[in-house]
Amino acid sequence: MTRSPFASRMEAALAQARAAAARGETPVGAVLVDRATGEIRAAAGNRVRELHDPTAHAEILAIREACAALGSERLPGHDLWVTLEPCAMCAAAIAGARIERVYFGAPDPKSGGVEHGARVFDHPQAHHRPEVYGGLAETESAALLRAFFAERRRD
Ligand SMILES: [Zn+2]
């Protein structure tokens with residue numbers, strides 16, 4: 001069976017989410033892909049607890065890593081793959097970085113800021129509106145989160 005590059009990118013993001021869960025973090029993972037080469041520029045999972053940093057979401061860490069590597073505050077020509085709908089903070093960072101496309105897994109009615117809540121990219125103040133594709137590997141992304149929170153409740 002040949003796997004599409006799309007599946008492998010979301011699979012890379014899911015691997016980051018699983019690694020985050022193993023660290024006791026909310027299982028969300030993200031990868032940034034250079035559209036021209038297909039190369040993964042950065043990959044990260046949540047590290048909010050580890051870094052004592054409420055901004056250390058997977059998307060923010062991946063954006064920081066790619067920007068540092070490129071020596072630029074903008075990432076045109078890059079796509080972000082993330083297992084959960086980005087929150088408003090991450091959506092603002094995605095717009096600031098001028099990321100071209102956002103592919104996300106599970107929708108997040110509670111904290112999402114793209115299809116829910118602040119709907120950052122639809123806001124007149126948005127500097128940049130990426131193309132957004134949601135619901136990819138939604139079942140697996142959501143199952144990871146459910147398992148994580150079920151485990152936490154047992155503690
Ligand atoms: Zn976020």
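In this predicted model, Asp-34 stands opposite His-78, a residue of strand 3. Asp-34 belongs to strand 1, which comprises residues 29-34 and pairs with strand 3 in the antiparallel sense over 5 bridges. Strand 3 itself comprises residues 78-84 and is mostly covered, with 7 of its 7 residues buried.

Strand 3 also pairs with strand 4, residues 101-106, here in the parallel sense and again over 5 bridges. Within this pairing, Trp-81 stands opposite Tyr-103 of strand 4.

Gly-29 has Gly-45 of strand 2 as its bridge partner. Strands 1 and 2 together form a hairpin with 5 residues between them, and Gly-38, which lies in the turn, has a positive phi of about 75 degrees.

The description may now be widened to the chain as a whole. It contains 5 helices and 5 strands, and from the N terminus on, the order of these elements is α-β-β-α-α-β-α-β-β-α. The C-alpha trace spans about 45 × 40 × 30 Å along its principal axes. A compact globule of 155 residues would have a radius of gyration near 15 Å; the chain has 15 Å, and therefore agrees with that expectation. Buried residues make up 41% of the 155 residues. Of the contacts with a separation of 6 or more, 58% are between residues 24 or more positions apart.

An unreviewed UniProt entry carries the annotation "binding site" for His-57, Cys-87 and Cys-90. These residues span 34 residues in sequence, yet no two of their C-alpha atoms are more than 9.2 Å apart, so they gather at one spot.

Leaving aside neighbours within four places in sequence, His-57 is in contact with several residues, including both Cys-87 and Cys-90. Its other contacts include Val-28, Asn-46, Val-48 and Met-89.

Cys-90 counts as buried because it has 28 C-beta neighbours inside 10 Å. When residues up to four places away in sequence are not counted, Cys-90 touches His-57, Glu-59 and Ile-60.

A final matter is the confidence of the prediction. The mean pLDDT of the chain is 93, and 95% of its residues reach 70 or more. Where pLDDT is low, the predicted coordinates should not be read in detail.

Note on methods. Residues numbered from 1 in each chain as written. Predicted model: local features only at pLDDT ≥ 70, side-chain atom pairs only at ≥ 80, totals over all residues. Buried ≥ 20, exposed ≤ 12 C-beta atoms within 10 Å, placed from the backbone. Helix = DSSP H or I, 4+ residues; strand = E, 2+ residues; numbered from the N terminus. Pairing = 2+ DSSP bridges. pLDDT = per-residue confidence, 0-100. Rg over C-alpha atoms; globule rule 2.2 N^0.38 Å. Contact = placed C-beta atoms within 7 Å. UniProt positions renumbered as here; feature names shortened; annotations may be inferred.
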